[in-house]
Amino acid sequence: MGVGLSASPVQAASNDVWIYDSIMLLAKEGYMDMPEKPLNAYSKKELGQMVAQALLEFEKNRTGSLADEYGRISRLLVVDEVQLKLAKEQEREAESRIKSARSKAAKDTEMYVRRSMQGQNRLEVMQPLKEKSDSSLRKIEQASRDYAQAKSRVEQRAKMLDYVRKRQQDLLTGLSGTGQTSGSDVQISATSGYGESTVAGGYNGSVVPSSVLDTVGRLRAEFLPELEENGSLDSMNARQQLESNMPVEDVPDQQLKLDAEVRYDVRYARGAYDSGNKQRARVRLYPDYNIDNNWHAIGMLEWEKAFTGNKDDKDGRLKLDRYYLSGNVGLVHMDFGAFGSTMAEGNIYDSKFMGGRLQAGNPVKYTLEYGKAAVDGMDKSYDFTISYQDAVYGVDGGYYHFKYKDGKNQNIYMANYHHNIGLLDVGAMLLHGRDSGHSGKTGYVFTLGYTPQNSWQPYTFSSWLKYYYQPQSTYIRHTMNGMADVMQPYGGFKGWGIGINYSLPDAWTLGLEFYRLQDLDYGRRSNTIWFAVTKSFQNYHE
């Protein structure tokens with residue numbers, strides 16, 4: 001407006017300067033027209049008319065457009081919080097991948113360089129090792145790039161979110177009429193250089209100076225309506241997501257996951273212990289109910305039908321063999337109920353365990369189980385193990401206690417070491433067992449294994465070769481398909497075992513195992529062949 005009223009001018013006393021500055025600020029902000037004359041040329045009444053018009057316009061904007069903008073900025077805040085959450089999930093996934101890739105690259109490269117330094121420079125030896133090393137190094141390069149991008153996105157998203165939160169608070173203050181709302185009090189530095197939020201190399205997670213990022217963040221919050229109207233916000237979000245090839249955390253679209261396994265197997269034994277001959281079909285169903293994205297209710301339903309050989313009272317009947325809760329409490333993973341327990345790679349026990357299990361630690365893992373092993377006459381069981389897995393080797397140690405209802409006790413101590421030597425993995429396990437009233441006896445298991453990285457893919461196989469020497473005091477229920485458990489009352493067993501697994505398309509698997517064992521008391525031998533064909537199913541996609 002043009003103000004042209006005449007009156008005696010106001011003297012520019014020092015205490016009037018703030019009035020002139022405030023009126024000029026309101027005019028610059030658009031709440032009134034710029035005055036046509038110097039403010040000290042207007043009377044007090046005329047200045048009052050200007051202020052009244054400006055306050056009327058301010059109140060209209062404050063209760064109208066400011067409220068609308070507060071609603072829009074609140075909506076943006078929710079979107080930004082979700083974007084930051086997903087960006088952090090991508091960062092965690094990227095960090096996990098880079099650790100795995102670094103471990104694999106170190107192992108593969110060491111094997112290649114080691115063989116080269118040992119003078120094994122034959123083409124058939126070195127070429128596969130070189131290709132494996134080169135592939136691992138390419139993967140660590142890609143994983144590192146993905147991690148750097150993911151980390152940069154988290155930092156930028158977090159800063160953008162901070163600006164939106166500040167803008168929301170400024171608007172709320174403005175709506176209450178207790179502060180300025182236009183954002184003109186925000187001073188943006190035009191100086192060059194990088195801010196305090198830097199990492200090595202002087203950058204804040206990206207190659208953009210922090211001063212520029214600050215300006216972009218403030219402008220983004222300030223010009224929200226215009227950016228929304230022209231679609232810039234959606235384009236920015238879409239571009240950042242398309243830049244990333246990292247998945248966000250898996251949030252299943254179904255609460256109940258089901259895995260199923262149908263298997264037909266045949267065991268054929270010859271020698272002193274041939275009562276284990278059996279031909280059967282087995283169906284297992286593994287339900288996993290996601291309670292709250294942390295705790296899961298897990299079970300195993302099993303149906304078994306023997307066509308030849310011994311049959312138990314559950315033959316042909318459906319039974320619930322596993323049922324337990326699994327979840328995390330802080331840094332500890334917990335299982336409670338009836339779950340599967342594989343002790344000392346199954347060389348001590350491999351079956352159902354009823355009780356609780358706690359696991360924690362990285363890279364050193366600690367595991368405690370307390371409850372009861374599913375063995376006739378068992379009263380109480382508990383065990384404690386410590387394990388460490390490096391890129392090239394692994395170390396395990398454990399103590400296992402079993403108490404029977406007749407008062408007898410069995411204690412087993414385990415130490416295990418395995419080491420990768422290129423395509424193979426060698427291991428040595430020492431077991432010392434002591435029964436109540438008997439002196440302790442020591443056993444051992446030597447292993448040579450071949451398990452390629454993608455053994456689950458069609459037309460690939462894995463295999464193992466083991467030598468066992470296990471007195472009866474060193475195991476409870478063995479994992480093998482040979483006659484170890486039958487020989488237990490006769491001092492235990494010793495001998496060889498070999499196994500091969502071959503993967504086929506459509507989740508079919510073939511398994512073949514052979515055992516040549518003899519008991520330790522009488523030296524009677526038994527040879528066993530075990531064959532299985534397995535088909536797996538699931539109602540979800542990984």
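User: Pro-363 is found in the loop between which two strands?

Analyst: This is a predicted model, so local features need pLDDT of at least 70 and side-chain atom pairs count only at pLDDT 80 or more, while totals for chains, interfaces and linings use all residues. Residues are numbered from 1 along each chain as its sequence is written, and side-chain values use heavy atoms, with hydrogens and water left out. Strands are DSSP runs of E, at least two residues, numbered from the N terminus. Pro-363 sits in the loop between S6 (349-360) and S7 (364-373).

User: What is omega for the peptide bond that joins Asn-362 and Pro-363?

Analyst: The bond between Asn-362 and Pro-363 is cis. Its omega is about 5 degrees.

User: Is Ala-344 buried or exposed?

Analyst: Ala-344 lies in the loop between S5 (332-343) and S6. It is not a glycine, yet its phi is positive, about 55 degrees. Buried means under 20% relative accessible area, exposed over 50%, and partly exposed in between (1.4 Å probe, protein chains only). At 6% relative accessibility, Ala-344 is therefore buried.

User: What is the relative accessible area of Glu-345?

Analyst: Glu-345 is placed in the loop between S5 and S6. Glu-345 has a positive phi of about 60 degrees and is not a glycine. It counts as partly exposed because its relative accessible area is 45%.

User: Which side chain of opposite charge is nearest to Lys-535?

Analyst: Lys-535 is in S16 (residues 525-538). Lys and Arg count as positive, Asp and Glu as negative; His and the chain ends are not counted. A salt bridge needs a side-chain nitrogen of Lys or Arg within 4 Å of a carboxyl oxygen of Asp or Glu. Lys-535 is buried and has no salt bridge; at 5.5 Å, the nearest opposite charge is Asp-506.

User: Which backbone oxygen does the side chain of Lys-535 reach?

Analyst: Leaving aside residues up to four places away in sequence, Lys-535 touches (heavy atoms within 4.5 Å) several residues, including Glu-261 and Trp-508. At 2.3 Å, its side chain reaches the backbone oxygen of Asp-506.

User: How many bridges join S10 to S11?

Analyst: Two strands pair if DSSP finds at least two bridges between them. S10 (residues 409-421) also pairs antiparallel with S9 (residues 393-404), over 11 bridges. Ile-412 has Gly-433 in S11 as its bridge partner. S10 and S11 (residues 424-435) run antiparallel, and the bridges joining them number 12.

Note on methods:
Helices (H or I, at least four residues) and strands (E, at least two) are DSSP runs, numbered from the N terminus. A polar contact is a pair of N or O atoms within 3.5 Å; within protein, one must be able to donate a hydrogen and the other to accept it, and residues adjacent in sequence count only if both atoms are side-chain atoms.
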